[in-house]
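Dear colleague,

I am passing on to you the structure shown below, together with an account of what was found in it. Please read the notes alongside the sequence and the view.

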Amino acid sequence: MHSKKLLVIGYTWPEPKATAAGRRMKQLLKFFLQFEYHITFSSTASASDLSLDLKALGIERVPIQLNDSRFDGFISELKPHIVLFDRFLTEEQFGWRVAEYAPDALRILDTEDLHSLRYAREKAFKAKVPCTKDFWLQTEYCKRELASIFRSDLSLIISTYEMQLLLETEGMTDSLLLYLPFMIAPLSQMELQNWKPFEARTDFICIGNGKHAPNRDAVIWLKETLWPLIRKQLPDTSLHIYGAYLPEHIQQFHTKKEGFLVHGWVEDLQTVMGSAKVNLAPLRFGAGLKGKLLDAMRHGTPSVTTAVGAEGIYDPLALPETVIEDATAFSKMAVGLYRHQEHWHEAQVSGLHTLKTRFDREVHRVSFQNRIQNLQSNLQSHRTQNVIGQLLLHQTLAATKYMAKWIEEKNKPRPI
């Protein structure tokens, strides 16, 4: 009999082999399993062939529905000690029900990344205007996401940049936030010895989930601008595009004659990433941490990226020279890294150092566990001090609750 219970309300069923968000969720699940929590995972989404086998991990899988009062009975009976919301959208949908029917449960929001920041940057990029802090604050998504953070007892923030941005926001305090990046285990000597050397590697790689707008844009920029500049100097090389859910227009970019090869989803990431010489991540908007860059570091593959791609991964005061914005400079850096072994090896060593110093799994696990224990010991006091959160929760209970009940009543079948 488990004395500790965790309910995870997932925006989707996690897909760790397809998305960085899925890998993030798997890390969190393993964290709670390490501390012997009985975990129930629920979602309103449909599962896919790439969904994590939760049963194999000993995690109970319970589908749920929106605007369905059966959830109230379900959580009342479960009596979880912690409820983890996967992205602010699930907190909007179910947070008020959790607060009402499991009031003693610690409510944790995993933002994954600041969705409102990603949305604002995409909007600004398309409008060809700067994405300032004021621009972000004025978006509806920002207001909704900040409200969700205030209503939660604790929000997990994956990026140092996003931590700083939130702490500079009026009313936000570090008592509501915890910096928790990807938690990466140290590489073993065997793993390091298995890295292919410079001379045994070939070609470029770009990887990213096709459902993610920043990834689609990166492939378009590569196809239209960057890759022609690179291949002009390296005519015998190819660029391999990998990623689940690549849309049809991206798949049609596949052109063998140009060395632009679109493969789609790959199960064995280790082989393809560990065989490539250089990883390209030309992201022009987005938020959070870019799992593709950390994957490249873990396999000894240097990357060329942008400031958005590097955000939260490197020290902002000591960005590597492989962080490039301009198309011409980006292609020049990619070619130089591909050609020069000494430069390439320095970038590889730098990546390994970054993993060790910023993403050590045990350091962040201890930090997370300590915060959970402190909050559970002082939950009522913590909530009392979060005046903005209590006001927002009250308004949500008064508005969202009755809207949900109205929708549920409206959707009930009527007798003929």
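This is a predicted model: local features need pLDDT of at least 70, side-chain atom pairs count only at pLDDT 80 or more; totals for chains, interfaces and linings use all residues.

Asp236 belongs to the loop that lies between helix H9 (213-233) and strand S9 (239-242). Between the C-alpha atoms of Asp236 and Lys223 there is a separation of 17 Å, the two residues being 13 residues apart along the chain.

Asn386 sits in the loop between helix H17 (379-385) and helix H18 (387-411). Is Asn386 buried or exposed? Its relative accessible area is 9%, and because the limit for a buried residue is under 20%, Asn386 counts as buried. Leaving aside residues up to four places away in sequence, Asn386 touches Phe150, Ser152 and Leu176. His353, by contrast, is 33 residues from Asn386 in sequence and 38 Å from it in space, taken from C-alpha to C-alpha.

The seven-stranded sheet

In what order do the seven strands of the open sheet lie? The order is S3-S2-S1-S4-S5-S6-S7, and the pairing is parallel. At the edges stand strand S3 (60-63) and strand S7 (177-179); each has a single partner strand, so one side of each has no neighbour in the sheet. From one strand to the next, the twist averages 25°.

Strand S1 (residues 4-10) pairs with strand S2 (residues 37-43) in the parallel sense, over seven bridges. Within that pairing, Val8 has Phe41 of S2 as its bridge partner. S1 is also joined to S4 by four bridges, and these two strands run parallel. Here the bridge partner of Leu7 is Val83 in S4.

S4 is joined in turn to strand S5 (residues 106-110) by five bridges, again in a parallel arrangement. Val83 has Arg107 as its bridge partner in S5. On the way from S4 to S5 the chain passes through helix H3 (residues 88-101), and this β-α-β crossover is right-handed.

Three bridges then connect S5 with strand S6 (residues 154-157), and the two run parallel. Opposite Leu109 stands Ser155 in S6.

How are S4 and S5 covered? In strand S4 (residues 82-86), five of the five residues are buried, so the strand is largely enclosed by the rest of the structure. Both of its faces are covered, with Ile82, Leu84 and Asp86 buried on one side and Val83 and Phe85 buried on the other. S5 is mostly covered as well, with five of its five residues buried. From S5, Leu106, Ile108 and Asp110 point one way while Arg107 and Leu109 point the other way, and all are buried.

The five-stranded sheet

There is also an open sheet of five strands with parallel pairing, in the order S10-S9-S8-S11-S12. Its edges are strand S10 (260-264) and strand S12 (303-305), each of which has a single partner strand, so one side of each is left without a neighbour in the sheet. The twist in this sheet averages 25° from one strand to the next. Strand S11 (residues 278-281) and S12 are joined by three bridges and run parallel. Asn279 has Ser303 as its bridge partner in S12.

A pair of packed helices

Two packed helices are described by the angle between their axes and the distance between the axes. For helix H1 (residues 20-34) and helix H16 (residues 361-377), the angle is about 65° and the axes are 12 Å apart. The crossing of H1 and H16 is right-handed. Which residues make the contact? Leu28, Phe31, Phe32 and Gln34 contribute from H1, while Arg365, Phe368, Gln369 and Ile372 contribute from H16.

Yours sincerely

How values were computed. Residues are numbered from 1 along each chain as its sequence is written. Side-chain values use heavy atoms; hydrogens and water are left out. Axes are lines fitted to C-alpha atoms, for helices over the stretch in contact, and angles run from 0 to 180 degrees between N-to-C directions. A crossing is left-handed if the near helix is turned anticlockwise from the far one by less than a right angle, and right-handed if clockwise. Contact means heavy atoms within 4.5 Å. Two strands pair if DSSP finds at least two bridges between them. Buried means under 20% relative accessible area, exposed over 50%, partly exposed in between (1.4 Å probe, protein chains only). A crossover is right-handed if, with the strands pointing away from the viewer, the path from the first strand over the helix to the second runs clockwise.
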